[in-house]
Amino acid sequence: MNISITKCIRELNRNRNVEELLPEYVKQSRNYYGSHACFKLALEYFMFFENISEEAGPLSGDEEKILKDINSIIGRFFNGMPGREECKGLAEELLALRKEITGRMQVVSAYIDCFSVYEYILNRIEYRFAEKEEEVPDDIQFTEDVVQFIFSSKDNAAINEKVRFVTGQLPMRMLRSKYFDIIRESVSIYKGNDLSSLEGFEYMFRTNAMLYKDENMDIYFTEFKKNLGRLKEADFENIDRKQYKVYNDIEEESTYELLKLSDLYILFGEITNLAYTVAAAAAYTEEADRVQDKTLGVAAAIIKGINELFTDKETDIWELAEEPPVLKEDKFSWLSELLDELTGKQETISEILDMSEAALGQITEVHSEAIESLGLAQDFDLLLRLSLLNSNSTFAELGIGMEDGKDSAEVTQQIADSVAGNLISEVKELFKGSSRILRRAIMANTLEKIPVFFNTPQEVADYISVSLLQCDDEAEKYASKKIIMDEIEEYSMFQQIEDDEE
């Protein structure tokens, strides 16, 4: 059948020729996913090599193994001629590797959230020992400046983002009873929504409240567990200048290394997602139905070339050059020239995929019986999975089939009450053995992430005023003001640049 995917979608939405068009929609969508991922992989793999070679620095043994596994699978796919069954095997290997990468990334993220709490504490006591760098406005002027900053935009999303930032940086002087009420109100917002959205809130809250426990924290990156333990034992209320420097160095160095690891694992995740998409699309596609495109061949050549640069396993793609390069740097330079031939291909396919993905949910739901009767359930499961992998969320949780998301449990009053009660109980238990300054840091860190709990600009202004009024620690107040004023200044500079460009 020779029909554009646009017409295919239109006809399916009109319930016409369903039995003929469903397989066609699957075939074309799958091919577009595979082609798009191949083009993108060529660019990302090229940049990945450049990053690993020039910026990432030496990798640890674990990261070296992950890199070796990624390169091995990519090499076997692009340098061999794998059949459908072999492609399925490679796709399964990539899923297993993706699971390991995701697990490690969750540990890194959990540690980053924990250290951010101590960053808050150390920032608030910094000016007990450091000279004040500049004057900051008095409380009244500061309140006016911040309110003006928050509501200078008419965009509600931008206003809410600014409110959350300011709330998380002001001196925390909220009563615990009020804080627990805000947790209940935040959870209640999810009533009537899918349970998965509330589970996402729970995960976010626990990580930012230092409540999240991951069994892999005892396996991966244990050096950070030791550093975190030293910070947990610190008496921040009574430390001297020398101790402050020791703890500040621990926090800064740990955060720096964790952010480097985070960047690396995001790269691992992105490359693995793209390689899986290419392999999985091929695994479900007959050889005769695969797209034959000259520029796809160029993309494959770039990937094969980069794979050789990573692994030192020779490939024949250099024969495509007028003067085959010999040195590694010359090979990399030649591959960079090939990238120019791919300009615009990824963007063109992205437009088609956007249309295909927009229709996927409706087609899956409306034609579910026909999909089952035609034996296309696995094919649509794959399209749903590839759609998730094509999203901006590198570590999106992948569903297992068409039933995922259907008839999803809804958050009831009882569920909301139970979740809120559990979170509050866990926080209360955590607070029992925590210092005042740590409790305040946890409250600030979580309030910055949850839905805005103010209803009017006046409530925001009152909160700022009361927060400053009740803070009798001048070092803390100065630090909070300075952090917020620096953000206002940066925002103003950014706005000025945008205005000048217009």
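The second largest cavity has a volume of about 30 Å³. A cavity here is a set of points on a 1 Å grid over the protein atoms alone, where a 1.4 Å probe fits but cannot get out. A volume is the space filled by probe spheres set on the points, which are joined across faces, edges and corners. The model is predicted: local features need pLDDT of at least 70, side-chain atom pairs count only at pLDDT 80 or more, and totals for chains, interfaces and linings use all residues. Residues are numbered from 1 along each chain as its sequence is written, and side-chain values use heavy atoms, with hydrogens and water left out.

**Second largest cavity**

- Its lining residues (those with an atom within 4 Å of a point) are Ile 150, Val 163, Val 166, Thr 167, Phe 454, Val 460, Tyr 463 and Ile 464.
- Helix H6 (156-169) and helix H18 (457-469) each give two or more residues to this lining; helices are DSSP runs of H or I with at least four residues, numbered from the N terminus.
- The lining has 7 nonpolar residues, 1 polar residue and no charged residues. Ala, Val, Leu, Ile, Met, Phe, Trp, Tyr, Cys and Pro count as nonpolar, Asp, Glu, Lys and Arg as charged, and the others, Gly among them, as polar.

**Largest cavity**

- The whole structure holds 2 cavities of 30 Å³ or more, and the largest contains about 50 Å³ of space.
- Its lining consists of Ile 73, Ile 74, Phe 77, Phe 78, Leu 94, Ala 275, Val 278 and Ala 279.

How values were computed
1 Å grid on protein atoms, 1.4 Å probe; cavity = no way out; pocket = protein on both sides within 12 Å on 5 of 7 lines; lining within 4 Å.
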